[in-house]
Amino acid sequence: MKKVFISLLALSLVCIGFSSCDNGLESSADPTTQPIAGKTYRANDVGDGYVKFTFHMNLKCTMEAKEDGKAPVSGSYYEWWMSPNDPDVVIRYAQGAYDKRTGASLSGKEFLSGSYDASAKTVTLSGDVEGTHVNFILNEVQ
């Protein structure tokens, strides 16, 4: 079952295209009130593969997924948001993201959501990926 989640996430990365538009108004995260900013979190419970999210300071999010015996698949088709001093985390498709199969725009649509646990240094994320519900508990990578 865990391999299915990795496969679905890898498939979502392959199926999504991205084009960016720099308007010069980049936002920046504040690590004092948004503690996931600038950090990477990895799921340890997905068999021999893994799922890893990096929450960049510019509010972009990179996801990397690896399935047994296959090369990692990575994509920066996402943006993250965490209200200051609030544990809720939302990952959305970035501006310009679209589904390569259908051509439908994914810009701003929610990809995964969850919460940050400061005492455990974990991010819990869940959502529907390619019609399957997924749940991840991600631990901070040191």
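**Exercise 1. Find the bridge partner of Asp88 in β8, then describe how β8 pairs with β6 and β9.**

Step 1. Asp88 has Ser115 as its bridge partner in β8. Strands here are DSSP runs of E with at least two residues, numbered from the N terminus; two strands pair if DSSP finds at least two bridges between them. The model is predicted, so local features need pLDDT of at least 70 and side-chain atom pairs pLDDT 80 or more, while totals for chains, interfaces and linings use all residues. Residues are numbered from 1 along each chain as its sequence is written, and side-chain values use heavy atoms, without hydrogens and water.

Step 2. β6 and β8 run antiparallel and are joined by five bridges.

Step 3. β8 also pairs with β9 in the antiparallel sense, over five bridges. In this pairing Gly114 stands opposite Leu125 of β9.

Step 4. Four residues separate β8 and β9 in their hairpin. Lys121, in the turn, has a positive phi of about 55°.

**Exercise 2. Describe the surroundings of Met82: is Met82 buried or exposed?**

Step 1. Met82 is placed in the loop between β5 and β6.

Step 2. The relative accessible area of Met82 is 1%, so Met82 is buried (buried is under 20% and exposed over 50%, with partly exposed in between, for a 1.4 Å probe and protein chains only).

Step 3. Leaving out residues up to four places away in sequence, Met82 touches Gln34, Pro35, Ile36, Pro87, Asp88, Val89 and Tyr116. Contact means heavy atoms within 4.5 Å.

Step 4. Ala29 is 53 residues from Met82 along the chain, and their C-alpha atoms are separated by 8.9 Å.

**Exercise 3. Classify the ring pair of Phe53 and Phe55 and that of Phe55 and Trp80.**

Step 1. Rings of Phe, Tyr and Trp (its six-membered ring) pair if their centres lie within 6.5 Å; planes under 30 degrees apart are stacked, over 60 edge-to-face, and the rest tilted. The structure holds eight such pairs.

Step 2. For Phe53 and Phe55, the values are 6.4 Å centre to centre and 20° between the planes, a stacked pair.

Step 3. Phe55 is buried, with a relative accessible area of 0%. The ring centres of Phe55 and Trp80 are 5.8 Å apart and the planes stand at 85°, so this pair is edge-to-face.

Step 4. Because Phe55 lies in strand β3 and Trp80 in strand β5, the pair ties together parts 25 residues apart in sequence.

Step 5. Tyr41, Phe53, Phe55, Trp80 and Tyr116 form one aromatic cluster.
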